[in-house]
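Please open the model in a viewer and keep the selection panel at hand.

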Amino acid sequence: MKKLKRNLRNSVLAIGLLSVVACSKDDTEQVVYSPAKEAAEINSLIEELTADGYDVDTTETGVYYTMLVEGDGNYVQPGDSIGISYTGSFANGYSFDSSSNQEDGIWRYVPDHITLIEGFSDAVSHLREGGSGKFIIPSALGYGPNGYYIIPPYTPLIFEIELVAIYPDDTEL
């Protein structure tokens, strides 16, 4: 009887161990980042925006965008100090950056005094004060074939940006 209980206990332990091993197996598919995958993501994003009733335009450099609010102020000029509210995300909706960590949710900077990815600078240049837009930045205007930190290679970036204010020259940032 003791032997039967011990065998039964060992069998239960063995089944439990197999269950843990089977459940801990990493069944996630390895994601392959490529220009083809990026093109498919961009096309899907544009189709979503179009299906939602938005017109999608393209800047001269290749940033896709739609204006959410046109704004009635000025466009950013060289030397301007500006304040923007933004969120950056991937095609899957994961948000990787936001101005929400700034005081009052607005990032203040002088575009000429800071190096940004080309696509972001281009996006901001298409906004009028008080306006906002959704911008799809291809990796060629972002972090390219190598990626950067948490941004994988060949990853388009989606930014919703609002140009909150253009500040007078004497405003301290």
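The stops below concern a helix and then the salt bridges.

This is a predicted model, in which local features need pLDDT of at least 70, side-chain atom pairs count only at pLDDT 80 or more, and totals for chains, interfaces and linings use all residues. Residues are numbered from 1 along each chain as its sequence is written, and side-chain values use heavy atoms, with hydrogens and water left out.

**Helix α2**

Select residues 35-51, helix α2 (helices are DSSP runs of H or I, at least four residues; strands are runs of E, at least two; both are numbered from the N terminus). Next, display E38, I42, L45, I46 and L49, which are buried (under 20% relative accessible area; exposed is over 50%, partly exposed in between; 1.4 Å probe, protein chains only). The buried residues of α2 pack against β2 (64-69), β6 (132-137) and β7 (157-167), contact meaning heavy atoms within 4.5 Å. Just after the helix, G53 has a positive phi of about 95 degrees.

**Salt bridges**

How many salt bridges does a search of the whole structure find? It finds three, each a side-chain nitrogen of Lys or Arg within 4 Å of a carboxyl oxygen of Asp or Glu.

- Select E41 and K37: their closest N and O atoms are 2.6 Å apart. The two residues are four apart in α2, about one helical turn.
- Select D104 and R108: the N to O distance is 3.0 Å. D104 is exposed at 53% relative accessibility, and R108 is partly exposed at 30%.
- Select K134 and E160: their closest N and O atoms are 3.8 Å apart. K134 lies in strand β6 and E160 in strand β7, so the pair ties together parts 26 residues apart in sequence.

Conventions. The expected span of a helix is 1.5 Å times one less than its number of residues.
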